[in-house]
Amino acid sequence: MNENTALKSSWAAAFTVASVWFGTHVGGGFATGNQVISYFVQYGITAVIWPLLSMGLLAYVMYVIARFARLRGLTNYKDTFCELYPNPKMEILFEIFYVVIILAAVAAAVSGAANLVVKYLGLPYVVSCLVVIAMLVVLSIFGIKLIIAVSTFLSAAILVIVAAMFIVGMTNAPLSVGDAVAATPVNHAGWAFFRGVPVYAAFQCVSIPSFIAASTTVTNNKGVKKAAILGGVMNGVALAASALMLICWYPSIAEAGELTLPNLFVCTSVGWTWLTAIYSLLLFCAFVSTSVTLVFSLIDRFHGKLPESIPTPARKVAVGVVVIALCFAVSLLGLSTIISKVYGYCGYYGIVVIIIPVLIWGNIKNKQWVAEHPNCLDD
């Protein structure tokens, strides 16, 4: 292995790739705490266990599909899933999942970011939406390198803020962990496991396209494996920490009827103005990072469908505007409905058409490829 190859397979290069996944994950649902409560906290102390298992499962799925793409020199999700499924036309199954989940995820992000602009800048809601949309379109048309750079910066900042918020939230929690567990109703264990592990992992498969594209910056199986491991740890620990903190606040959050924006309720209850300000910045960054990575994927996928007589930048802007406009329409459903219903149904669908096929066909075809191509970059 030469020096350049070793560099592209380093932990630093892997962190850059993992940050794209993390940047997609920590969107409005996660950063508000709504998603954590809907899929983990309401089930009691298992809320600390299920996130780790869920992200472990997703990390393995990411590793298998990214390795599948790298072995074949594929750089986008469409070509990858055409190769994965027995019939290339079955790729439409992933397209359906991807379009629906992106509409839902960016819908929550656009609405949430616009509300923050209204709150802090005092602009009218419609103007705030236009400001957010303009920002997302501009950030989304420059390509994967800019997306990676933005995601890496935001991931580092968000990790620091999440850690600080966890400490402050735990220190000022109204209940100890033991009292919170006793006070938190525990739903059926089997349903808690299913909804908290495979369903959550399945709708988070929305990160696969950007992860495949970002994985082009590493050269072989070692780099892909490191990126998957780091991504699983980053996402799993962040989820588990958030769940542990919210468990201790859950009775108060439920009593106050603040299940939509539980983390904001925690910040306000603590009474630290600086924490509320930093959290608001974190939330805005999370909205932007989610929207940028997801909108970029759709722009990259569909701008080529427009007439070639239209300049490429104009085609990208047009697709971006249409996508985000549709997402804004979906946002009228409300954040809680999007997270609990739309995400959930996408999760059930994703188990069948993404996770199971990747684990079965992906592993089988990877082994066959390595056996038939002994000189491939799979060391």
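Helices (H or I, at least four residues) and strands (E, at least two) are taken as DSSP runs and numbered from the N terminus. On this basis the protein has 17 helices and 0 strands. The model is predicted: local features need pLDDT of at least 70, side-chain atom pairs count only at pLDDT 80 or more, and totals for chains, interfaces and linings use all residues. Residues are numbered from 1 along each chain as its sequence is written, and side-chain values use heavy atoms, with hydrogens and water left out.

Of the 379 residues, 54% count as buried (under 20% relative accessible area; exposed is over 50% and partly exposed in between, with a 1.4 Å probe and protein chains only). Contact means heavy atoms within 4.5 Å. Among contacts between residues at least 6 apart in sequence, 81% join residues at least 24 apart.

Helix H7 (residues 92-121) packs against helix H17 (residues 335-372). Their axes come within 10 Å and cross at roughly 160°. Axes are lines fitted to C-alpha atoms, for helices over the stretch in contact, and angles run from 0 to 180 degrees between N-to-C directions. H7 and H17 are therefore roughly antiparallel (over 145 degrees; under 35 is roughly parallel, 65 to 115 roughly perpendicular, the rest oblique). The crossing of H7 and H17 is left-handed, meaning that the near helix is turned anticlockwise from the far one by less than a right angle. Residues of H7 in this contact include Leu93, Phe94, Phe97 and Ala108; those of H17 include Leu335, Tyr343, Gly350 and Ile354. By class, the H7 contact with H17 has 18 nonpolar, 1 polar and no charged residues. Here Ala, Val, Leu, Ile, Met, Phe, Trp, Tyr, Cys and Pro count as nonpolar, Asp, Glu, Lys and Arg as charged, and the others, Gly among them, as polar.

Ser111 also lies in H7. Its relative accessibility is 16%, so Ser111 counts as buried. Beyond neighbours within four places in sequence, Ser111 contacts Tyr125 and Ser331. Ser111 and Ser331 are 220 residues apart in sequence, yet 6.2 Å apart in space, C-alpha to C-alpha.

The structure holds 1 salt bridge (a side-chain nitrogen of Lys or Arg within 4 Å of a carboxyl oxygen of Asp or Glu). Glu91 pairs with Lys78, with the closest N and O atoms 3.2 Å apart. Glu91 lies in the loop between helix H6 (77-84) and H7, and Lys78 in H6, so the pair ties together parts 13 residues apart in sequence. Glu91 is buried at 3% relative accessibility. Lys78 is partly exposed at 27%.
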